[in-house]
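This report examines selected features of one protein chain. The sequence and structure are shown first, and the analysis follows.

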Amino acid sequence: TIVSEIDQPDRVLLVDDNPTNLQVLYEALQEEGYELLIAQSGEEALKIAEGAAPALVLLDINMPGMDGYETCERLKENPKTRDAVVVYLSARGDVGDKIKAFDAGGVDYVSKPFSFEEVIVRVRTHLENYHRQRRLEEKLALGFGEMDGAAVERRLAEGENDKVEFKSTLRTNLHSGKPDRRIENACLKTVAAFLNSEGGLLFIGVDDEGVVLGLGADKFNNEDKFLLHLNTLIVNHLGGEVAQYTRASVREIEGRQFALVECLRAPNPVFFNRENDEHYYIRSGPATRSLSPRELLAYIESRGDS
């Protein structure tokens with residue numbers, strides 16, 4: 001369960017091996033109402049962060065022992081600290097250094113020497129984004145709800161309807177035994193239609209009668225590869241911004257695996273785009289259909305999208 005702490009003071013961890021730099025940062029931020037924590041090494045920062053769960057870390061790169069890159073990587077590897085926003089502070093200005101910093105998991109890079117005003121504005125902006133993301137996660141968590149095994153079996157037994165659809169495979173044509181874009185497209189069209197309507201559930205590895213066939217026909221090495229391919233399809237052909245309104249998982253019934261893709265209603269229109277061909281899909285009863293430009297305008301107006 002995600003608990004919002006937006007009404008509590010934000011915890012900001014300042015990490016630098018130079019006491020003078022820490023004092024400057026502390027003075028710059030103390031009037032902003034944050035709960036400020038201090039660490040003088042990467043190792044100390046990891047210990048403090050695990051216990052205090054700061055929302056943001058201002059992290060120096062050049063430190064003896066564990067440098068800022070490794071510190072950031074370790075923060076991102078720990079489930080207790082991986083959501084913290086990491087902003088680097090460094091005199092290094094080389095493009096390669098910045099790329100390495102971002103690859104390690106940081107979101108911003110403030111060059112030394114810095115001004116009080118710049119640090120304050122960047123911290124404030126990143127904390128606003130942090131809370132915006134937390135609110136969205138809370139909303140999505142409530143929207144998806146819980147789908148336990150009993151609930152999944154009930155939906156399978158109910159059969160296809162305006163909010164449930166079954167697909168035998170994600171990418172393999174069962175007649176030819178080979179990957180087929182038309183099969184992928186059919187799954188993507190269904191996801192787009194659910195996002196444009198009132199949400200729904202797409203079962204993959206299930207035949208039209210609700211019988212679980214399994215995921216073996218798609219010939220992925222493991223379930224992670226399957227989910228990665230599915231997510232890549234959604235991002236590439238529906239848009240990265242809508243991926244957060246879907247949640248995919250691999251489930252199992254009587255030893256047979258299948259994929260469950262839960263879709264929420266997206267706040268904005270979602271278009272399916274592949275090979276420069278763009279369509280808008282909605283659910284119409286137990287089917288997915290494409291709207292003409294005139295139908296699309298009328299539908300969006302009735303739906304209340306801007």
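## Cysteines

In this predicted model, C263 has a relative accessibility of 5% and therefore counts as buried, since the cut-off is under 20%. C72, at 0% relative accessibility, is likewise classed as buried.

Zero disulfides are found in a search of the whole structure. C263 takes part in no disulfide, and the nearest cysteine sulfur, that of C187, lies 11 Å away.

## Helix α7

Helix α7 covers residues 181–196.

T190, a residue of helix α7, counts as buried because its relative accessibility is 1%. Apart from neighbours within four places in sequence, T190 is in contact with E165, K167, L202, R283 and T288.

## Aromatic residues

The whole structure holds eight aromatic pairs. For F166 and F203, the ring centres are 5.6 Å apart and the planes stand at 75°, so this pair is edge-to-face. The pair links distant parts of the chain, 37 residues apart: F166 belongs to strand β6 (residues 164–167) and F203 to strand β9 (residues 200–204). Both F166 and F203 are buried. One aromatic cluster is formed by Y69, Y88 and Y109.

Arginines also lie over aromatic faces: R134 over Y130, at 4.7 Å from the ring centre, and R171 over F220, at 3.8 Å from the ring centre.

How values were computed: Residues are numbered from 1 along each chain as its sequence is written. This is a predicted model: local features need pLDDT of at least 70, side-chain atom pairs count only at pLDDT 80 or more; totals for chains, interfaces and linings use all residues. Side-chain values use heavy atoms; hydrogens and water are left out. Helices (H or I, at least four residues) and strands (E, at least two) are DSSP runs, numbered from the N terminus. The expected span of a helix is 1.5 Å times one less than its number of residues. A disulfide is a pair of cysteine sulfur atoms within 2.5 Å. Buried means under 20% relative accessible area, exposed over 50%, partly exposed in between (1.4 Å probe, protein chains only). Contact means heavy atoms within 4.5 Å. Rings of Phe, Tyr and Trp (its six-membered ring) pair if their centres lie within 6.5 Å; planes under 30 degrees apart count as stacked, over 60 as edge-to-face and the rest as tilted. A charge sits over a ring if NZ of Lys or CZ of Arg is within 6 Å of the ring centre and within 35 degrees of the ring normal.
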